[in-house]
Amino acid sequence: LLNSAKIATQGSLRAALIRRTSDPENIRACFYNDAGQASMFDLTNTFVIASGNMAVGLSSTNLYVLCQTNGMFPIVQEYRLGSYSTLPTNAVFVYETSCGDSNSVNGEILQLVSGGIAVVVSQQTNEHEFHITYRNDSGTWATSGKTNFGGFISGSQPANHFSMAQHPAD
């Protein structure tokens, strides 16, 4: 195992991503459920990941991968899960969009109750700036320009990690 990502949850289904040392250019999707069943398969759209960080998002029909490729912006890839009764056994690449700019680094993915996806990436050199990419429940993607939140903590030390949460009223 070369690298793993955080775990995404949708009901009783959980997903994680791994890169194997023997094959670092491909990502393997790993699924498991509350019954203790598991499945794994390689994702069909391969890319070389420069960054050690990946993030994963999951809906009942889609898998989302946030990664950074060599010499490029962070990207979100969308995969449609094959039909399944207990666990997915395949996924088909659907769409890819860039997030942020050449100074951005990977961040987080949040699955929204509405069916949308929110992605945040931060800046490498100006850590209180970030970009948000949003996919609504009908599948349209949009990326914000650079946003500055002025998040300095105790004097001049900028915050360097973003976390997202959905407000229960949303």
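Q: Where is glutamine 37 found?
A: Residues are numbered from 1 along each chain as its sequence is written, and side-chain values use heavy atoms, with hydrogens and water left out. Strands are DSSP runs of E with at least two residues, helices are runs of H or I with at least four, and both are numbered from the N terminus. Glutamine 37 is in the loop between β4 (23–33) and β5.

Q: Why is glutamine 37 classed as partly exposed?
A: Relative accessible area sets the class: buried is under 20%, exposed is over 50%, and partly exposed is in between (1.4 Å probe, protein chains only). Glutamine 37 is partly exposed because its relative accessible area is 36%.

Q: Which residues does glutamine 37 touch, not counting residues up to four places away in sequence?
A: A contact requires heavy atoms within 4.5 Å. Glutamine 37 and threonine 86 are 49 residues apart in sequence, with 8.1 Å between their C-alpha atoms. With residues up to four places away in sequence left out, glutamine 37 touches Phe31, Tyr32, Thr86 and Leu87.

Q: What length has the polar contact between the side chains of glutamine 37 and asparagine 33?
A: A polar contact is a pair of N or O atoms within 3.5 Å; within protein, one must be able to donate a hydrogen and the other to accept it, and residues adjacent in sequence count only if both atoms are side-chain atoms. For the side chains of glutamine 37 and asparagine 33, the length is 2.8 Å.

Q: With which side chain does glutamine 77 make a polar contact of 2.5 Å?
A: Glutamine 77 belongs to strand β8 (residues 74–81) and is buried, because its relative accessible area is 1%. Its side chain is joined to that of tyrosine 79 by a polar contact of 2.9 Å. The polar contact of 2.5 Å is with the side chain of glutamate 96.

Q: Which residues does glycine 107 touch, not counting residues up to four places away in sequence?
A: Glycine 107 and glutamine 123 are 16 residues apart in sequence, and their C-alpha atoms are 9.7 Å apart. Not counting residues up to four places away in sequence, glycine 107 touches Ala55, Leu66, Val120 and Val121.

Q: Which strands each supply at least two residues of the lining of the second largest pocket?
A: The lining includes Lys6, Gly57 and Gln111. Strands that each supply at least two lining residues are β2 (8–10), β6 (55–58) and β10 (104–111).

Q: In which strand of the protein chain is confidence highest?
A: The protein chain has 0 helices and 16 strands. Its average pLDDT is 78, and 74% of the residues score at least 70. Where pLDDT is low, the predicted coordinates should not be read in detail. Confidence is lowest in strand β1 (residues 3–4), with a mean of 51, and highest, at 92, in strand β5 (residues 38–42).

Key:
This is a predicted model: local features need pLDDT of at least 70, side-chain atom pairs count only at pLDDT 80 or more; totals for chains, interfaces and linings use all residues. On a 1 Å grid over the protein atoms alone, a cavity is a set of points where a 1.4 Å probe fits but cannot get out, and a pocket is an open set with protein on both sides within 12 Å along at least five of seven lines; lining residues have an atom within 4 Å of a point. pLDDT is the predictor's confidence in each residue, from 0 to 100.
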